[in-house]
Amino acid sequence: MATTELKSGDTDGKIFIGKGDQPAWLTLALGNRHGLVTGATGTGKTVSLQVMAEGFARAGVPVFAADIKGDLSGIAEVGEGKDFILQRAKEMALTFQPDQFSTVFWDVFGEQGHPVRATISEMGPLLLARLLDLNDVQEGVLNVAFRVADENGLTLLDMKDLRALLDAIVPMTAKKDEVDPLADVRKSALSFGNVTKATIGTIQRQLLVLENQGADKFFGEPALELKDFLKTDRDGRGMVNILVADKLMSSPRLYATFLLWLLSELFEELPELGDLPKPKLVFFFDEAHLLFNDAPKALLDKIEQVVRLIRSKGVGVYFVTQNPIDVPDRVLAQLGNRVQHALRAFTPRDQKAVQAAAQTFRANPKLDTATVITELGKGEALVSFLEGNGTPAMVERIMVRPPTARIGPISPEERKAILAASPVKGKYDTAIDSESAYETLQKRIAGTAATPAEAGDAAGGGGGGGFLGQLGAIVGTIFGTNTGRNRLSTGQVIARSVTRSVTNKVVGGIVANIGKQVGGSLGSSIGREIVRGTLGGILKR
């Protein structure tokens, strides 16, 4: 049968993924119904991820992807017409057109990309407890600490803030005639039950382990603004945001928790959009099994809920892992677009994975799906994308098209040039130490800071006098604190945006000191960030 040459590959509303007996297309309007890319090591998962990322970016959809091995960084450079690429394109009646895509590199450690930071408050006690591997009692004490911070106007931004707060809630026996400058803080903690020194000590030791893994670089300011992930370039193409994760993978719990926090922040901040002609953002989660390993049932429930509901925010989530059984069935059921590379049935677990993968596809009478999965060559895949009214197409065997950008990593010199021309250059590169819980508690101990009662916070607790403090009280009164649902009120959202916009522009010297004072005042009056952004209302409902 004659085939029509595909000049650019993609067409309006569709992304060309590959070809078997017929072309395989991923429909943009159904791109937010999520997806799964699986297969054994070396079977072509990264190339499939790059092909999909290129297609979305070409259609004007911003992309966020974790790059575990560095191979995905080549998307930023012009593709090379190597023999095997040209041959594969020819077999698909596809004219190979070298291309490159506007890329922003991010790195939690700030070494190979722009630093990514979040505040302790935004991370929240639930995810932080998982990150620290705390038991139920220790997690309860951590929740007490966050509640005490709320009641006493203590803004938690970085690790030293949390350490200082934990020290402050440890019970103390004051000597006769000795005044405890933190008595009201300890009293607040005592109202929620006994907090022992041993439990606090355990949490502090776990914080030390986390710091040794580099997490102290992740917590702080300027905090990431998600709008920087939602940009297009001057040609209208979606920006490709790559998280450099080769070093981060040595701390798998930090990696998984960070990506879950990011996904949760997207859910928290993006408005309801319903079904769109194309997604607002596509999120590729490599090594996805790390998200679900040892996760308690309550957290799995919330992950499922976020994945299910974030579709209406226009966000597509694509999990990339070796075996489909790595993903819980409840989450797997939400993943409509599937790309399955080869699996090897060498062990009973492998055989189970092959059968599980085969059963997730809509059967094709022309294929024995379970057998084909073990026979696929490098670059081949079984695919089933949603079509029409959202029903999955019958499984088809295809050869994945070659990417148009470079396959493989870029050089350090090329990365340096991309960072120098980045649209967010200078915005996150300099850390800012705003006045927060640590500084406030140190002043209290030194006898130079007013207590919350003395500060006369009209919004119901939390220091910060003067004009900014009064402004915080007024905004809090107008919009409400909404503490019952543990979510940011409108006033607090405004405050956080103002705080970030101010601190993000502060660089060194006197201006940095002004930023410290402004950030501290706003943080303690308007935006004490009772929710911490992270799963927000979802985790607390």
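Reply: Strands β8 and β9 run parallel and are joined by six bridges. The model is a predicted one, in which local features need pLDDT of at least 70 and side-chain atom pairs count only at pLDDT 80 or more, while totals for chains, interfaces and linings use all residues. Residues are numbered from 1 along each chain as its sequence is written, and side-chain values use heavy atoms, with hydrogens and water left out.

Me: What makes β8 and β9 a pair?

Reply: Strands (E, at least two residues) and helices (H or I, at least four) are DSSP runs, numbered from the N terminus. Two strands pair if DSSP finds at least two bridges between them. β8 and β9 have six bridges, and they therefore count as a pair. In one of these bridges, F285 has F319 of β9 as its partner.

Me: Why are β2 and β6 called edge strands?

Reply: The open sheet has 12 strands with mixed pairing, in the order β2-β1-β14-β11-β10-β3-β9-β8-β4-β7-β5-β6. β2 (23-27) and β6 (114-115) each pair on one side only.

Me: What makes β8 a mostly covered strand?

Reply: Buried means under 20% relative accessible area, exposed over 50%, and partly exposed in between (1.4 Å probe, protein chains only). Six of the six residues of β8 are buried. Both faces are covered, with L281, F283 and F285 on one side and V282, F284 and D286 on the other.

Me: How do you know which residues Q213 touches?

Reply: Contact means heavy atoms within 4.5 Å. Not counting residues up to four places away in sequence, Q213 touches F109 and S251. The C-alpha atoms of Q213 and S251 are separated by 6.6 Å, although the two are 38 residues apart along the chain.

Me: What makes a group of residues a nonpolar core?

Reply: Such a core is a set of buried Ala, Val, Leu, Ile, Met, Phe, Trp, Tyr and Cys residues joined through side-chain atoms within 4.5 Å. The largest has 90 residues, and F319 is among those that touch the most other members. Helix α8 gives the most to this core, with 11 residues.
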